[in-house]
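Please examine the structure shown below. The questions that follow move from the chain as a whole to individual residues.

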Amino acid sequence: MGGVFGSFRRPLRAVVFSLLGLLGFLITSPDAISQTRWRSGAPVPDKPELGSAGERLNANTIAIISGNLNATYLSIAYDLSAVLDNGDEFRVLPVVGKGGGQNIKDVRFLKGIDLGITQSNLLNAAKRSNEIGPVGDKIVYLAKLFNEEMHLIVRADGDITSIDQLAGKKVNFSDIGSGSQLSSRDIFDKLGIKVQEVNMGQADAFEKLKSGEIAATILIAGKPAASMAKLQAAQGFRILPVPFRKQLQADYLPATLAADDYPLLIDKGKQVDTVAVGAVLIAFNWPKGSERYRRIQKFVDNFFPKLAEFQKPPRHPKWKETNLAATMPGWTRFEGAEEWLRRQQVAQPAQPAQREQFDRFMAARPAGAAGQDREQLFKEFLQWSNARARQ
C-alpha cells in the first residue's frame, strides 16, 4: 500500500491479524454455536453456569463491526472500547469491517458479531430490496449516532468544477460493500449522473487521482475523516461541492465541510457544500431473555449513562451529535434501550421551562408540522433532555 497510508502497512497488518484471531475465538465459541441456532430459529439449550475465566470473558465481551482506517466507524468503535472497557467485567472489541451494507449483513449473519454501525438509508434500502432476506424483524437499532458527510475529491489543477462534469468519467466509490460505495451509487443515480464506477481504498485512489487515471474519489464518513485530513491542496487535491438538490432531500441532509475540518484542503473562513447521511448503531434482534440479549443489554447499561464522557476530548468530535432519544421511523429500537430511555423520562418529568424551551424551538421551524408530529418531537426532546440532565 502506497501513498498516504504507506507508513501504516505493518501496524495495520498486525491489527488485522489480532482482530481476526479474536474473531476466530468468538466464532468457534459455544456461544457462537448457540447464536447460529437462534438465528435459524432452532431452540438453544440453556447455557451452563459460567465458571472459567474464558467463559466469563466471553459472556462480558461485545464485538462491534466497524470500518477501515479511511472512515470514522473504527474511531467510534475504539472510543467505545476506551471508555467502557472494565477488565473482565465488560469489554468492547472493535472489529475492522467494510462498513455500510456489509455491516448490515455481518450483524444479520456473521457469528460472533453483536453490534454494527451502518447508514440509515442503507437499512431502508435493505428492507425494500429484500436482497439479504427480511431485515425489518431481524435488525433493531440502539441509537442514531451522527451524520456522515460526502467527501468528493478531485484534482486541484483539473477543469472539473461541478459534479455534473463527472458524467462518463472514472470515479472511485471506495471499497466494495462499503457505505461509501452504496450511498455514492444511490446519490449519482438520483442525480441522473452516469459515471464509470471503480472500487479501491482511498490510499490507492489518491495515487490514481494524481496520475489522472481516475477523475474523482469519494468517501462518505464523519468529518474530520483521518484519510481526508492528511490531504493537502498543495499536493494537488480539492474538495468538489455536492449540491443538495431536490432528488436527494428525502434520504440525505445538507452539510458543509469547513477549514476547521480540513485546514490543509480548505482556505480559512471558507466552506464547501455537501450532503450527509445518518450513522446508526444496530444489533440482531435476539429473543428477550437469551444470553445474547443479555449481553447487548449490558452494553446499553454501560454506554447510555456515559454519553457525556464520549463528548469530551480526546474522543471523536462526532460524538457531540449523538442524541440517544432520536428515533428511526420504520424501525424498532432494541427493547432494552427503549426501556432505559423510558426510565429516564419517568425519573425526570417534564418541567414548564422545558415545554417553553421546546415551544420556542418549534416556533423557529417552518410551519406545517402536524400536531401529532409535534407531540412526538416533544417526547423525544424530553427523553434527550432528561438523559443529558442525568449524565
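Q: Among contacts in the protein chain between residues at least 6 apart in sequence, what percentage joins residues at least 24 apart?
A: Contact here means heavy atoms within 4.5 Å. Among such pairs at least 6 apart in sequence, the share that joins residues at least 24 apart is 78%.

Q: On what kind of model do these values rest, and which pLDDT is needed for local features?
A: This is a predicted model, in which side-chain atom pairs count only at pLDDT 80 or more, totals for chains, interfaces and linings use all residues, and local features need pLDDT of at least 70. Residues are numbered from 1 along each chain as its sequence is written, and side-chain values use heavy atoms, with hydrogens and water left out.

Q: Is S184 buried or exposed?
A: Residues under 20% relative accessible area are buried, those over 50% exposed and those in between partly exposed (1.4 Å probe, protein chains only). S184 is found in helix α7 (residues 179–191), helices being DSSP runs of H or I with at least four residues, numbered from the N terminus. Because its relative accessibility is 0%, S184 counts as buried.

Q: Do the rings of F299 and F303 count as stacked, edge-to-face or tilted?
A: Rings of Phe, Tyr and Trp (its six-membered ring) pair if their centres lie within 6.5 Å; planes under 30 degrees apart are stacked, over 60 edge-to-face and the rest tilted. F299 and F303 both lie in helix α10 (residues 291–303), 4 residues apart. Their ring centres are 5.4 Å apart and their planes at 35°, so the pair is tilted.

Q: Over the ring of which residue does the charged end of K127 sit?
A: The criterion requires NZ of Lys or CZ of Arg within 6 Å of the ring centre and within 35 degrees of the ring normal. At 4.1 Å from the ring centre, the charged end of K127 sits over the ring of W331.

Conventions:
Helices (H or I, at least four residues) and strands (E, at least two) are DSSP runs, numbered from the N terminus.
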